[in-house]
Amino acid sequence: MPALAFTAGRRRLRALRIAAQRIGANEFSTPVEPVRWMLALQAQDFPGVKWSVGLRQTDATEAAVEAACDAGEIVRSWPLRGTLHLVAGEDLGWLLGLTTPRAIASTSGRRAALGITDADVERARAIARSELTGRRVQTREALLAMFDAAGVRTSGQRGYHLLWYLAQTGTLVLGPTAGRQQTFVLLDEWVPYPRRLEGDDALGELVARYFRSHGPATVRDLARWSGLTVSDVRRGLAIGANQLTTLELDGVTYHLAPEALDLAAPTARVHLVPGFDEYLLGYGDRTAMLAMEHSEAIVPGGNGIFKPTIVADGEVVGTWKRTIKAREIVVELVPFGDLSRTALEGLAEAARAYGAFKGRPVRLTSAPSA
């Protein structure tokens, strides 16, 4: 099985994906552009997803990404698989409209186990609207305290589930950054000019944009990524068939934008990729980018926590971790084996890019090979 990662077909696959995802490209000049292109970027690790944006933007800075989030151009919510993602503000509403029914149905048992009634939800919604109207901002803790004061208990996991439910159903969205604290605002005030897409229009948009930014990918890749059914994805493909093409590699049918076949460039550059980046998380089958024998090093114990990766020639060749100090950032490299001189030179360039994004120099250190 690990040998599949090194076939000519799979090398082609990762070259096309690097190009489609615009990693290291010079196409986007503002933070919202790569987010809009990718449709959604997994974002439970906020520092990491900011760098995911930076990897895909020319002359990116962390401050500029944060400013775009604070302005509502980019928002953070739970539009896919019940997991936090960054999306362009105008896209959140229609994405939620498409994915919320399945998300709500899948958590009905948990809601019942927590003793959360429809009356609890609607009381919390009324409180949130009362306290946040006028573009006011409240921290998570403050909003939960208001629920408790009004008789809507938030103990245990009830508070999280109430906030998630209100965000999932389009009332709340995470607001501007406040240090390490989450804040919430009203979605309809924070994003006053959303795109209006419904039904088949929304489904066709999701399918076309996923395969355009992530392709080559399979129907099952998109079903897993979006939380929709395979039948939904196939229907979306039929709706947007004129925007996409197919590619057969190693006996598998992949979907992608036709222009991507001309955009695929050599993947020889080296990148320091954050742990939950779409380059790995965007697919169910990751063997084109990651040899199976190294999976444990990326997700130790299968605990769902993805380590940041070193990507060279499109292949994951190690992990890295950072330590932020007063005057510099120390990045410790943990390669899977000896790195070539070309790869080491590429890492120096990748470190300079990361340092420019963070606004301080990066010093590379090496751990023993994994």
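Two rings of Phe, Tyr or Trp (for Trp, the six-membered ring) count as a pair if their centres lie within 6.5 Å. With that rule in hand, let us tour some close-up views of this predicted model.

**View 1. W78 and Y160 form an edge-to-face pair.** A search of the whole structure turns up eight aromatic pairs. W78 belongs to strand 2 (residues 74–80) and Y160 to helix 9 (residues 158–168), so the pair ties together parts that are 82 residues apart in sequence. Is W78 buried or exposed? W78 counts as buried, at 5% relative accessibility, while Y160 is partly exposed at 36%.

**View 2. W320 and Y354 form an aromatic pair.** This pair is edge-to-face too, with 5.4 Å from centre to centre and 75° between the planes. Because W320 lies in strand 11 (residues 315–324) and Y354 in helix 17 (residues 341–358), the pair ties together parts that are 34 residues apart in sequence. W320 is buried, with a relative accessible area of 5%, and Y354 is buried as well, at 3%. Look around them and you will find a cluster: W51, W320, Y354 and F357 belong to one aromatic group.

**View 3. Arginine charges sit over the rings of Y283 and F46.** The charged end of R17 is placed over the ring of Y283, 3.7 Å from the ring centre. For R76, the ring below the charged end is that of F46, and the distance to its centre is 4.4 Å.

**View 4. G215 and P216 are joined by a cis peptide bond.** Most peptide bonds are trans. Here, omega is about 5°. Where is P216 found? Look in the loop between helix 11 (199–214) and helix 12 (219–226).

**View 5. R135 and D313 each have a positive phi.** Most residues other than glycine have a negative phi. R135 is not a glycine, yet its phi is about 60°. You can find R135 in the loop between helix 7 (118–132) and strand 4 (138–139), where R135 is partly exposed with a relative accessible area of 43%. D313 is also a residue other than glycine, and its phi is near 55°. The loop that holds D313 runs between strand 10 (309–312) and strand 11, and D313 is partly exposed at 37%.

Key:
Residues numbered from 1 in each chain as written. Predicted model: local features only at pLDDT ≥ 70, side-chain atom pairs only at ≥ 80, totals over all residues. Heavy atoms only, no water. Phe/Tyr/Trp six-rings, centres within 6.5 Å; stacked < 30°, edge-to-face > 60°. Helix = DSSP H or I, 4+ residues; strand = E, 2+ residues; numbered from the N terminus. Buried < 20%, exposed > 50% of the residue type's maximum accessible area, 1.4 Å probe, protein only. Lys NZ or Arg CZ within 6 Å of the ring centre and 35° of its normal.
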